[in-house]
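The sequence and structure come first.

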Amino acid sequence: MTTPAACYHCSSPVPAGAAWQITLDGVSYPVCCPGCEAVAHAIVRGGLEHYYRQRTEPPAKPATQAVKRDLWAHFDLPERQQWVSLEPSTGKASATLAVEGITCNACAWLIEHRLNALEGVAASAVDLAHHRLRVSWYSETLKPSTLMAELAAIGYSALPSTPDPVQTRLQARMRLTARGLTVATASLAGNAMLTLFPSGGLEENTPGLVAGVSIALSSAAMFAAMPFFCRALGDLKRRQPGLMVPVSLVLVSAYLASVYAVLHGDGHYADAIALLVTLLLLGRYTALRSRLKMLRQWTLPAFATRLEGVTRQASVQEAHERLVRATALLAGDCISVAPGQRLPADGTILQGESSLDTSRLTGEPLPVACRAGDDALCGALNLENPLLLEVSRAGDQTHAGSISTAIRANWQARCPDAADAPYVHVWVPCLLAAAAVTTGLLWGTSQAVDTLVAMLLAGIPLGLSLATPLALGTTLQQLGRRGAWVTRPGALLVLARKAPVTSHPDVVLPGPRAGRLDEVQAMARLAKRCAQQNRRIALGVTLALVGLAASGQLSPLGAVSGSAISVLAVLGNTQRLLGRPCASKETHESHRA
């Protein structure tokens, strides 16, 4: 019996009749699959062929996870397949898997090539952006555990994707906002083209055509602003009017004025409406993306590898591995954590020595060495060697879980948005009164409508409404980088007014460094000062814009651009005071001095 040739790249047996090969120094060597052939060609073309000449042994393989199919066997049970979608008519099942270890297009190609070669797999597609794998298979031919085992055999850990409901809602809102932003941007581009429309040699029906296009573009922009109208209506029902109430009022007024101006042949305001809606939707999309990023930062591991039958006295070799949900862990359970995985629970290390990256939890930039007997926190990243842990707390009872729960609950209440509400409530009636008086004085002239629309657009309190939320949000990010977590954003304003304190229920300090609460209080005072400066800047810029609009020196389009400038001024001041990574350190030192 002839022994199959060994693959020159990975030393696996080469199938009989395989045509894959790699040429090195004029000599052709066989390889076992297209993946090895592609990788070998990439190494040679990159000038790294010395790797093959100088290596002393074949590369390490992903152990024997492919044969440990019982690790994923419980995913084959019908009561554990809520994550699988089944089509009874065709017998085809489909699911989304979260895959760890994906880094580039080559990983996606390897995963899809390996799965598509399995009997029973209908299709597979990798989402590189979110590290997700969408796969379809025939349930009578293939089991989910086989898919996961095959992925583990090529070095990729895959588990059922269990999206967080809060993140799912945010993603849906982001998609809706992105569609609206596309419509608003198209309306803005259409208005830009409309301004370039030739004015000479027009047919008699051209003015009517231009008027119709203008009204259509304005209507498209108003349709894209529908989320703002819904938000304003909800705020009015709750009797808590926020920023969207004056924004909706200004948009409706500008739209009606634009229709009136078009019908009377006095121009239109479609460009100003489209620009305002585009800027608002862009800000909304950025805010949603920032909130989603914050939530993903506190997303804890969903699964854990539990070792059944292991105690402090038992041997690990006698254990039976079982993949379970992290929320199903109990105090006293033993779990294994491989390198590159995050700890799914708080616990005590029973076996192993490694380094843990706790920067997300404590703000400490350097890895922390750990060994048997040391305590470890959920969410820490295992960097070097496998660890065996005895669980002490799991799920929301863990240190990271309690912080995550508090942050999610308090941030859903939109605490920062309400901080500037009193200033907005005072500003809006004053703006409406000033606009009414100015319009009354100019009524009957050709500038009356232009002045009214320009004043309303210039007086939108965008910068004023962002003064405190920007200061608090930036401060919370800076504190989070240093390992100090404030679960309720409004607590910063309370801390800024207090004398030095030794503890606070809304401030979590996982790190061991002393004096960090003093830094939190110093940063809170700086955030308060930044918010006050932001309000003064926004109010000054907005008053200047309203004055220019009232005097007829500012067009509606220029008014919208001026409102954007007020927002940029607030952003610049916030970045100047709070955006630097060393801001908290400098503030703490000045506070102590």
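## Cavity

The lining of the largest cavity comprises nine nonpolar residues, one polar residue and no charged ones; here Ala, Val, Leu, Ile, Met, Phe, Trp, Tyr, Cys and Pro count as nonpolar, Asp, Glu, Lys and Arg as charged, and the others, Gly among them, as polar. The structure is a predicted model, in which local features need pLDDT of at least 70, side-chain atom pairs count only at pLDDT 80 or more, and totals for chains, interfaces and linings use all residues. Residues are numbered from 1 along each chain as its sequence is written, and side-chain values use heavy atoms, with hydrogens and water left out.

The lining consists of Pro246, Leu249, Val250, Val428, Leu431, Leu432, Leu456, Gly459, Ile460 and Pro461. At least two of the lining residues come from helix H8 (244–263), and at least two from helix H12 (421–442). Helices are DSSP runs of H or I with at least four residues, strands are E runs of at least two, and both are numbered from the N terminus. The volume of this cavity is about 50 Å³, and a search of the whole structure finds one cavity of 30 Å³ or more. A cavity is a set of points, on a 1 Å grid over the protein atoms alone, where a 1.4 Å probe fits but cannot get out; lining residues have an atom within 4 Å of a point. Grid points are joined across faces, edges and corners, and the volume is the space filled by probe spheres set on the points.

## Strand pairing

Strand S1 (residues 21–24) and strand S2 (residues 27–30) run antiparallel and are joined by four bridges. Leu24 has Val27 of S2 as its bridge partner. Two residues lie between the strands of this hairpin, where Asp25 takes a positive phi near 55°. Ile22 and Leu24 form the covered face of S1, while Gln21 and Thr23 form the uncovered one.

An open sheet of three strands has the order S13-S12-S15, with antiparallel pairing; two strands pair if DSSP finds at least two bridges between them. Strand S13 (368–370) and strand S15 (381–382) are its edge strands, each pairing on one side only. Three bridges connect strand S12 (residues 354–357) with S13, and Ser355 stands opposite Ala369.

## Confidence

The protein chain has a mean pLDDT (the predictor's confidence in each residue, from 0 to 100) of 77, with 82% of its residues at 70 or more. Confidence is highest in strand S11 (residues 345–351), at 87, and lowest in helix H18 (residues 583–592), at a mean of 44.

Methods
1 Å grid on protein atoms, 1.4 Å probe; cavity = no way out; pocket = protein on both sides within 12 Å on 5 of 7 lines; lining within 4 Å. Buried < 20%, exposed > 50% of the residue type's maximum accessible area, 1.4 Å probe, protein only.
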